[in-house]
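This report walks through one protein chain, piece by piece. Keep the sequence and the structure in view as you read.

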Amino acid sequence: MVALVWLNGLLSLCLAVYALSALLHVVLYLLHRRDPPAPPEVPWEALPTVTVQIPVYNEVHVVERAIHAAAALDYPRERLQVLVLDDSDDETTAVAQACAGGYRARGFDISVLRRADRSGYKAGALAHALPHSKGEFIAIFDADFQPQPDFLLRTIPHLLARPELGFVQARWAFLNPDYSLLTRAQALAFDGYFVIEQTARSRAGLMLIFNGSAGVWRRACIEDAGGWQCDTLCEDLDLAFRAQAAGWRPLYLPDVAVPSELPPQIAAFKLQQARWAQGAAQSLRKLAPRLLRSKHLRWWQKGLGLIYLASYMAHPVALILIVLALPMLLLPHSPHWIVGGVLGLLYLGPPLIYLLAQQRLYRRGWLRLWPLPLLVLLGIGIAWSLSLIHISEPTRLLSISYAVFCLK
């Protein structure tokens, strides 16, 4: 019985760390919300060459729209290259080549880049495209993203003014948040992440995540950090953390929004979350030793970075606590009410994040919180499948133990 109490307390502490990090993001956002970075002025003739990369795999319905959006970017035509990284095995290739050919006939530098095979998937496509890229800076957009024409004019000047910046990440906005109850719940969660958490991380000097799309990389940073690697499912997270461990700094621009599409089906949503969960677990195993060894990061940056990489572990921990709840209630003098009370206060973090995000984006934003119960149900619904992923991947404890061992 004593072991049961200790196990329950240890797992509750782990969950409390995750909940406390959410509250920390709220505090940091409130402290820094009024100090956005001002975009420097850069003369038109001083703008550098930029390569826009659009990774594509069987995106026949959106590939033309993606190419049109890239061609519509307000930027000197002679210094803008667009590469469609096409790994498709359907009619997407023909549609992309026809669209790109039409723009080339009008003087645009747009081409479709094909590979012999899909090895490494998106990471492999990005690595293959780098030698073909002319730009000093690399902008990346998934096929369902639609950057506004001024996107490069609002991001590139920051990179020019601050040579220590390795990448700039813009905020994800959404084209279909009102499509269904599922997309409404997803939009609520993503708004909290992109409006509050990413802003807080960037302005407080914490490690920042590159989200795989709607961002611009300094080519020298990609090469210095070891390039795109295919050994995790989150190549974007992997490269971003490697770059910051090597001394490069990130920047997040919440006022630069790039619309994209939310998964409209529950199966697509579960697949997306499973990929991110497994990629985060793989990245934790891979990057923990590198982060702990880094001489460019402070202890609090390392600690909160590791907590972020382990955040999906909250699902299996919560499931185990649910299983332990009944035997804990039956124990005499059980401290469960104390633990529950403390965690109840800490769990105010996520709802506050969602509320602040909606208030920031919309007038009377609190009225848009009604999908929150559905979001909670979605989290419960995918908890088991995400927990199975962590059974196959090293747990946070084993990963950190391995990292400490490597440091000895």
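Strand β2 (residues 80-86) and β3 run parallel, joined by 6 bridges. Two strands count as paired if DSSP finds at least two bridges between them. Helices (H or I, at least four residues) and strands (E, at least two) are DSSP runs, numbered from the N terminus. Within this pair, L83 stands opposite S111 in β3.

The model is predicted: local features need pLDDT of at least 70, side-chain atom pairs count only at pLDDT 80 or more, and totals for chains, interfaces and linings use all residues. Residues are numbered from 1 along each chain as its sequence is written, and side-chain values use heavy atoms, with hydrogens and water left out.

**The sheet**

Strands of a sheet pair through backbone hydrogen bonds, either parallel or antiparallel. Here, an open sheet holds 7 strands in the order β3-β2-β1-β4-β6-β5-β7, and the pairing is mixed. β3 (109-114) and β7 (249-260) are the edge strands; each has a single partner, so one side of each lacks a neighbour in the sheet. From one strand to the next, the twist averages 20 degrees.

Helix α2 (residues 63-71) packs on this sheet and touches β1 (50-56), β2 and β3. Contact means heavy atoms within 4.5 Å. The direction of α2 makes about 170 degrees with that of β1. Axes are lines fitted to C-alpha atoms, for helices over the stretch in contact, and angles run from 0 to 180 degrees between N-to-C directions.

Which residues of α2 are buried? They are V63, A66, I67, A69, A70 and A71. Buried means under 20% relative accessible area, exposed means over 50%, and partly exposed lies in between (1.4 Å probe, protein chains only). The buried residues of α2 pack against β1, β2, α3 (92-104) and β3.

Now move to strand β6 (residues 215-218). Strand β4 (residues 137-140) pairs with β6 in the antiparallel sense over 4 bridges. I138 has W217 in β6 as its bridge partner. Strand β5 (residues 165-174) also runs antiparallel to β6, with 3 bridges. There, Q169 stands opposite G215 in β6. Both faces of β6 are covered: G215 and W217 on one side, and V216 and R218 on the other, are all buried.

**Two crossing helices**

Two packed helices are described by the angle between their axes and the distance between the axes. The axes of helix α6 (residues 181-204) and helix α13 (residues 349-361) come within 8 Å and cross at roughly 80 degrees. α6 and α13 are therefore roughly perpendicular to each other. The cut-offs are these: angles under 35 degrees count as roughly parallel, over 145 as roughly antiparallel, 65 to 115 as roughly perpendicular and the rest as oblique.

L188, A189, D191, G192, V195, I196 and E197 in α6 meet I353, Y354, L356, A357, Q358, R360 and L361 in α13. By class, this contact has 9 nonpolar, 2 polar and 3 charged residues. Ala, Val, Leu, Ile, Met, Phe, Trp, Tyr, Cys and Pro count as nonpolar, Asp, Glu, Lys and Arg as charged, and the others, Gly among them, as polar.

**Single residues**

| Residue | Relative accessible area | Class |
|---|---|---|
| Q81 | 4% | buried |
| R115 | 16% | buried |
| G303 | 29% | partly exposed |
| I380 | 57% | exposed |

Q81 lies in strand β2. A polar atom of its side chain is 3.2 Å from the backbone oxygen of H132. Not counting residues up to four places away in sequence, Q81 touches V50, T51, V52, D109, H132, S133, K134 and G135.

R115 sits in the loop between β3 and α4 (121-129). The backbone oxygen of Y121 is 3.3 Å from a polar atom of the R115 side chain. Leaving aside neighbours within four places in sequence, R115 contacts D86, D87, Y121, G124, A125 and H128.

G303 is in helix α10 (residues 299-309). I380 is in helix α14 (residues 372-392).

**The whole chain**

How many helices and strands are there? The chain has 15 helices and 7 strands. Of its 408 residues, 52% count as buried.

Notes: Polar contact = N/O pair within 3.5 Å; in protein donor to acceptor, adjacent residues only side chain to side chain.
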